[in-house]
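Hi,

Here is the structure I promised to pass on to you. Have a look at it first, and then read on for what turned up.

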Amino acid sequence: MFEPARLEAQLTQVASECASRPVCLQIERANNRVLATPIFSWREQEFSAGYAGSAGAVFASRSPIERAILSFVELRLLPAERQFLAQNTFQVTYQPFDWNLNDLTGRGGR
């Protein structure tokens, strides 16, 4: 549960956990893809402004939102995943969003 007095710390912790949650990010080395949650694209301007500038020089040719996603997750990844990203030959795509997460009716989106 989020608490006003600890909100910033709690949000920072949740953001840190994002890189390790498949719903947020998946690295498919076999398919040469990085699958990201579409939530990144929904707030593209703000997210790019906050993180794209911190991306490594190897990602300079990528779009601002791709640089932002990579910058956001890179330090939280396993060494093998960081090595894969350093090759910079992958495609970034967005995963389908599971709207059932927002279903408050208990009917599973029906």
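Below is a short tour, from the overall build to the sheet and then the pocket.

Please keep in mind as you read that this is a predicted model.

**Overall build**

The protein contains 5 helices and 3 strands. If you follow the chain from the N terminus, the elements come in the order α-β-β-α-α-α-α-β. The C-alpha trace spans about 45 × 35 × 25 Å along its principal axes. Of the 110 residues in the protein, 32% are buried. I also looked at contacts between residues at least 6 apart in sequence: 55% of these join residues at least 24 apart.

The 3 strands form an open sheet in the order 1-2-3, and the pairing is mixed. Strand 1 (25–28) and strand 3 (91–94) are the edge strands; each has a single partner strand, so one side of each has no neighbour in the sheet. From one strand to the next, the twist averages 20°.

Strand 1 pairs with strand 2 (residues 33–36) in the antiparallel sense, over 4 bridges.

Helix 4 (residues 64–74) lies across strand 1, strand 2 and strand 3, and it runs at about 90° to strand 3.

Rolling a probe the size of a water molecule over the atoms shows where empty space is left. The largest pocket found has a volume of about 490 Å³. It is lined by 19 residues, and those closest to its centre are Val14, Cys18, Cys24, Thr37 and Ile39.

Which helix gives the largest share of the lining of the largest pocket? That is helix 1, with 4 residues. Helix 1 (7–18) and helix 2 (39–42) each supply at least two residues of this lining.

What is the make-up of the lining by class? There are 14 nonpolar, 2 polar and 3 charged residues.

Best wishes

Methods:
Residues numbered from 1 in each chain as written. Predicted model: local features only at pLDDT ≥ 70, side-chain atom pairs only at ≥ 80, totals over all residues. Heavy atoms only, no water. Pairing = 2+ DSSP bridges. Axes fitted to C-alpha atoms, helices over the stretch in contact; angles between N-to-C directions. Contact = heavy atoms within 4.5 Å. 1 Å grid on protein atoms, 1.4 Å probe; cavity = no way out; pocket = protein on both sides within 12 Å on 5 of 7 lines; lining within 4 Å. Points joined across faces, edges and corners; volume = space filled by probe spheres on them. Nonpolar A, V, L, I, M, F, W, Y, C, P; charged D, E, K, R; others polar. Buried < 20%, exposed > 50% of the residue type's maximum accessible area, 1.4 Å probe, protein only.
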